[in-house]
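Some words used for protein structures rest on plain cut-offs.

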Amino acid sequence: MNRRQFMLLLGSAGTAARALRAQQKAMPVIGFLGSGSPDPNAPLVAAFRQGLSETGWFEGQNLAIEHSWAEGRYDQLPALAADLLDRKAVPIVFVSGGDPAELGLVASLARPGGNLTGVSILAAELTPKRLELLSELVPQAGVIALLVNPNNPQTEGVIQDMQEAARAKRLRLHVLKASTEGEIDDAFASFVQQHAGGLVVEADPFFTARSEQLVALASRDAVPAIYTRREFAVSGGLISYGTSLAGAFRQAGIYAGKILAGAKPADLPVQQPTTFELVINLKTAKALGLIVPPSILGRADEVIE
């Protein structure tokens with residue numbers, strides 16, 4: 001396993017949930033490891049608990065949950081994971097932003113093998129689709145910017161995929177990098193200098209935790225931007241497109257519950273998303289002077305007016 005694969009396992013497999021037996025026979029414990037921050041991800045934790053409840057497990061009644069958060073600092077994940085795993089080969093349920101089979105986490109999606117299974121949310125794979133949607137909203141744009149976190153191990157692949165997608169649409173792609181709040185400010189300044197017509201924000205916990213800053217800067221600089229999660233559009237962002245993360249974490253909770261009841265991860269196929277959310281904020285579109293085409297409105301799962 002090379003360094004990039006190793007870091008993907010611990011760093012950007014999204015959020016992982018570890019189901020294991022505690023020393024106390026009466027109370028199993030689930031270790032929940034998140035690469036982001038607790039507040040923005042509270043709805044996902046709630047969805048995870050919902051999945052557990054559907055399999056008969058309730059926090060504080062017949063199981064305990066220990067939470068650990070990396071706050072977007074990927075270098076912290078190995079130590080956090082090691083602390084949770086305490087060197088035992090425990091079952092792991094992951095929510096992965098990439099293809100778990102390609103990353104070497106499982107033997108195959110249908111037959112994971114080993115002690116890992118979970119849900120693949122196709123976070124990185126959907127980035128070119130976001131470019132397509134944004135280009136429909138701003139067809140006059142010749143330059144599109146991509147905001148990425150250079151510390152995310154998936155970023156290199158995302159940039160390559162986006163460069164190919166941009167070439168296919170005869171667009172120039174300008175890559176902006178930010179891993180601190182100050183660098184986000186600098187990235188928007190660069191966006192203005194490059195006269196880009198739109199911005200695609202990478203799927204990354206660091207950006208999710210700073211959604212208010214991103215939306216405020218996009219509003220200040222009149223930047224048409226597309227994001228990964230509906231929370232961005234709800235808080236004033238123009239448009240978002242991505243997997244239903246609540247559904248993914250509910251499924252992770254169901255799998256964790258099944259494992260606690262005796263199922264083996266090797267026998268639980270890795271789930272892939274069947275539901276994708278397209279959310280449009282018409283109020284923001286109007287403020288930007290954009291007319292949302294019927295081709296997008298007709299596909300929207302939610303329209304904010």
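Q: Why is isoleucine 121 counted as buried?
A: Buried means under 20% relative accessible area, exposed means over 50%, and partly exposed is in between (1.4 Å probe, protein chains only). Isoleucine 121 has 10% relative accessibility, so it counts as buried. The residue lies in the loop between strand S5 (116-120) and helix H4 (127-137).

Q: What kind of model is this, and how are its residues numbered?
A: This is a predicted model, in which local features need pLDDT of at least 70 and side-chain atom pairs count only at pLDDT 80 or more, while totals for chains, interfaces and linings use all residues. Residues are numbered from 1 along each chain as its sequence is written, and side-chain values use heavy atoms, with hydrogens and water left out.

Q: Which residues is isoleucine 121 in contact with, leaving aside its neighbours within four places in sequence?
A: Contact means heavy atoms within 4.5 Å. Among the residues in contact with isoleucine 121 are Val95, Leu126, Thr243 and Pro273.

Q: What makes arginine 170 exposed or buried?
A: Its relative accessible area is 78%, so arginine 170 is exposed. Arginine 170 sits in the loop between H5 and S7. Its phi is positive, about 55 degrees, although arginine 170 is not a glycine.

Q: Is histidine 195 counted as exposed or buried, and why?
A: Histidine 195 has 69% relative accessibility and therefore counts as exposed. It is placed in the loop between helix H6 (181-194) and S8, and its phi, near 55 degrees, is a positive value in a residue other than glycine.

Q: How do you know that the length of helix H2 agrees with what it should span?
A: Helices (H or I, at least four residues) and strands (E, at least two) are DSSP runs, numbered from the N terminus. The expected span of a helix is 1.5 Å times one less than its number of residues. The 13 residues of H2 (residues 42-54) should therefore span 18 Å, and the end C-alpha atoms are 19 Å apart, which agrees.

Q: Which residues of H2 are buried, and why are they said to line one face?
A: The buried residues are Leu44, Val45, Ala47, Phe48, Gly51 and Leu52. Seen down the axis of H2, they fall within an arc of 160 degrees, so they line one face of the helix. The arc is that of the directions from the helix axis to the C-beta atoms. An α-helix has 3.6 residues a turn, so residues three or four places apart point the same way.

Q: What makes S6 a mostly covered strand?
A: Six of the six residues of S6 (residues 143-148) are buried. Val143, Ala145 and Leu147 are on one side, and Ile144, Leu146 and Val148 are on the other.

Q: How do you know that S6 pairs with S7 and with S8?
A: Two strands pair if DSSP finds at least two bridges between them. S6 and S7 (residues 172-177) have six bridges, in the parallel sense. S6 and S8 (residues 198-201) have four bridges, also in the parallel sense. Alanine 145 stands opposite histidine 174 in S7, and isoleucine 144 has glycine 198 in S8 as its bridge partner.
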